[in-house]
Amino acid sequence: MVSTFIQLLLSGAIAGSVYALLAIGLVLIHNGTGVVNFGFGDQLMVGVYILVFAQQFLGLALPPAILVAVIVSGLLGLAIQSLVMMPLRNRPVLIPIVATIAIGAALREGVRAFMGPNPWPVPFLLSTSPYRIGGISIVPSDLAILGTAIVIMACLYVFFEFTRYGQAILAACANPTGALIVGIPAGTTTTGIWVLSSMLAAIAGIVIAPLTTLTPDIGLIAIKGFAAAVLGGFASLPGAVVGGILLGIIEALAGYYISSAMKDIVSYAILIGVIVLLPSGLFNRVSVRKV
Amino acid sequence: MWGNLAWVLWLAIAALAPFLAGQYLLYNIGIVATTAAIVSGLTFLSGVAGLISIAQSAFVAIGSYGAVLLQMHLGIPLLIGIPVAAAIAGVVGWLLGFLCLRLDGHYLALVTLAFMGIVHYTIINLDITGGAVGLAVPSVTLFGFTLDSPMAIYVMAVTASAITLWSIDRLIHSRYGRMLRALRQSDIAAVSLGADRRSLRTMALATSAVAGGFAGGFQALQLTYLDPQQFTIVTAVFYIAIMVVGGMRSVHGAIIGAAIFVFVPGFLSGLEHYMAFILFFFVTVMIVVMPDGLVSIFSVGDRLSGWMASRHGRKNA
C-alpha cells in the first residue's frame with residue numbers, strides 16, 4: 001500500500017519534471033514578451049521529429065542526433081522570433097498570440113504532410129528494465145528523464161543567477177522599460193528568450209516522447225505545461241518548477257485512485273480551476289494593476 | 001459603402017445558387033454560409049472585443065449535439081431544439097466568461113483551450129453522445145413534411161446563417177459593439193467613461209457562443225452525422241484561422257475566409273496532403289503582412305474616400 005503510494009509519487013515526480021521544463025519554456029516567453037506561446041507544443045513535436053529524422057535518415061548516433069535536434073530547434077525559435085514575432089511586437093497582444101496559434105498549426109500540419117500521420121519510434125535514453133529496491137521498481141530510462149530535467153534546471157539556475165546575459169534577460173522580463181533605460185538591448189534579450197525556450201521545448205520532447213507515441217499531435221502535451229505554469233502563477237521560474245512537479249503527482253494519484261480517464265482531464269480541470277479560483281497561482285499574492 | 005455592396009453580393013449568390021449551381025457546389029456554398037456564421041461569433045469576440053477563444057468548436061458541439069439529443073430524448077423538433085441548444089451554449093459561454101474574465105485576456109485563451117479539451121473528452125466518454133462513434137442527425141420535419149432534400153437543407157442553413165451574420169453585423173455597429181471596441185482600444189479610458197469591462201466582455205463571449213451553437217446546429221443538418229473528431233482543439237484553431245484570413249473586423253471577413261477554406265482545397269486537389277500546411281502557412285504570413293485580413297484590400301477604397309472627404313471638409317472649413 002505504502003509502496004504503491006511511493007511508486008506513484010515517484011512516477012508523478014518524473015512526469016512532473018518534464019512538465020516543469022515545459023512550464024519554464026512557457027513562462028520565459030510570457031515574462032519576456034507578454035505572449036502566451038500556443039505553438040510551444042508543436043515546437044516540441046518538431047524537435048522530436050528532427051531527432052528521429054537525424055537518426056533514421058542521416059544515420060547519426062543518438063547523442064549527435066540529440067544535439068542536432070536541440071540546435072535546429074533553437075534556430076527555429078530564432079526564425080519565429082525574427083520573422084514573425086519581432087515585426088508584430090508593437091501590435092495588440094491578441095495578434096502575436098494568434099500568430100503563435102497559426103505557427104503551431106503550420107508546424108503540426110507540415111510535419112503531418114512530410115512525415116506522415118503514423119507514429120514513429122523514439123529511442124529511450126537508457127535501458128527500460130527495472131531494478132527493484134525495497135518493493136519499488138526503478139527504471140533507468142525514467143531516472144534519465146528526471147536526471148536530464150534536474151541538470152537542465154541547474155544549468156538554467158546558473159545561467160540566470162551568475163551570467164550577465166542571464167541577468168539581462170531576467171531584468172528585461174521584470175521591467176522591460178527599466179531594462180531599456182539601463183542599456184539592455186530589448187531585441188537581443190527577446191531573441192535569446194525565444195532561442196532558449198525553443199531549445200527547452202526540444203529537450204522536454206526528447207525525454208518525454210519515448211513514454212508516449214510520437215505523432216504530429218504529440219504537441220497537445222503542452223497543455224500540461226500550461227497547467228503547470230498556471231499552478232505556479234505564470235510568472236516565476238521556481239513557481240513553474242514546483243507547479244510542474246505538483247501537476248505530475250496530482251495526475252499520477254488521480255489516474256490511480258479515481259480512474260485512468262481522469263489522468264487526461266486532470267490538467268484541463270486544474271487549468272480552469274486555478275485560473276478561476278487562484279488566478280495568481282499557488283504561491284503569489286494577488287497583484288492589482290493600477291492606472 | 002463597401003459593406004452594403006458586399007451584402008447585396010452575398011445575398012445574390014445565396015439566392016441564385018439553387019438555380020445555377022450543381023448539387024456539389026450548392027452543398028459547398030451552404031457549408032461556407034454556416035462556417036462563416038460560426039466564425040462570425042469569433043469575429044465579434046476577437047475583432048471587436050479583442051479576446052481569443054479556442055473553444056468555438058466546443059460551442060458548435062453544444063449546439064449540434066444539444067439539438068440532436070433534445071430531439072432524440074425529449075422529442076423537441078430540431079428547428080426549435082437548435083435555438084434552445086444555442087441558448088444553452090450562450091449560457092455556458094456566459095458562465096465561462098463570468099468565471100475568468102475579471103482577469104487579463106490571455107487567461108481566456110487558456111481557459112477556453114482547457115474547456116475545449118474537456119468538451120471533447122466528455123463527448124467521447126459519454127454513452128448518450130454515442131461516444132467515439134458519434135451520432136446520426138435526424139431529418140427535420142415541419143407540418144408533417146420531411147425536409148431532407150439537399151435543396152431544403154440548403155435553404156434552412158443559408159437562412160439561419162444569414163440571420164446570424166446579419167445580427168452579428170448589427171451588433172458590431174450597435175452601442176454595445178462600440179463600447180467593446182472602446183474597451184479593446186483603451187480599457188482604462190472606456191472604464192472611466194462608465195463601461196463595465198467584465199460584464200461587457202462576458203456578454204461578448206456569450207454572444208459568440210450563441211452564434212457558434214446556432215450556426216453549428218444548422219451545420220449538423222448539412223453534415224447529417226456528428227463525429228467527435230469534428231469538435232477538437234484542431235477545429236477550433238481552424239475557425240480562428242478562417243477569421244484571420246478573411247479579416248477580423250467585419251462579418252464579410254468571416255465569409256471570405258470561409259469561402260477560401262472551403263473552395264481552395266478543391267482547386268488544388270493534387271496537393272491535398274499539403275493543404276492544411278499550406279493554409280496555415282498562408283495564415284501565418286497573412287498575420288505578418290496583412291493583419292487586417294483579405295477584406296482590407298477592399299477597405300483601401302473606404303480609406304481613399306475618407307481621405308477625400310477629410311480634404312473636402314478642410315477646404316470648406
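## Two chains and their contact

Modeller: Let me start with chain A: of its contacts between residues at least 6 apart in sequence, 73% join residues at least 24 apart. Two residues count as being in contact if their C-beta atoms, placed from the backbone, lie within 7 Å.

Biologist: Good to know! And what sort of model is this, and how are its parts labelled?

Modeller: This is a predicted model, in which local features need pLDDT of at least 70, side-chain atom pairs count only at pLDDT 80 or more, and totals for chains, interfaces and linings use all residues. Residues are numbered from 1 along each chain as its sequence is written, while chains are lettered from A and ligands numbered from 1 in the order in which they are written.

Biologist: What makes chain A as compact as a globular protein of its length?

Modeller: The globule rule is 2.2 Å times the number of residues to the power 0.38, and the radius of gyration is taken over C-alpha atoms. For 291 residues the rule gives 19 Å, and the radius of gyration of chain A is 19 Å, so chain A is as compact as a globular protein of that length. Its C-alpha atoms fill a box of roughly 60 × 50 × 35 Å along the principal axes.

Biologist: Which secondary structure does each chain have?

Modeller: Chain A has eleven helices and two strands, and chain B has 13 helices and four strands. Both kinds of element are DSSP runs numbered from the N terminus, helices being H or I of at least four residues and strands E of at least two. Chain B has a radius of gyration of 20 Å, close to the 20 Å that the globule rule gives for 317 residues, so chain B too is as compact as a globular protein of its length.

Biologist: Now a residue. Why is V140(B) called buried?

Modeller: A residue is buried with 20 or more other C-beta atoms within 10 Å of its own, exposed with 12 or fewer, and partly exposed in between, with C-beta atoms placed from the backbone. V140(B) has 20 other C-beta atoms within 10 Å, so it is buried. V140(B) sits in strand β2 (residues 140–142) of chain B. Leaving out residues up to four places away in sequence, V140(B) touches L78(B), L79(B), L147(B), M156(B) and L221(B).

Biologist: How do you know that helix α11 of chain B has a span close to the expected one?

Modeller: The expected span is 1.5 Å times one less than the number of residues. Helix α11 (residues 251–267) has 17 residues and reaches 24 Å from its first C-alpha to its last, close to the 24 Å expected.

Biologist: What is the make-up of the side of chain B that touches chain A?

Modeller: The contact takes 33 residues from chain B and 32 residues from chain A. α5(B) gives the largest share of the chain B side, eleven residues. That side divides into 26 nonpolar, seven polar and no charged residues. Here Ala, Val, Leu, Ile, Met, Phe, Trp, Tyr, Cys and Pro count as nonpolar, Asp, Glu, Lys and Arg as charged, and the others, Gly among them, as polar.
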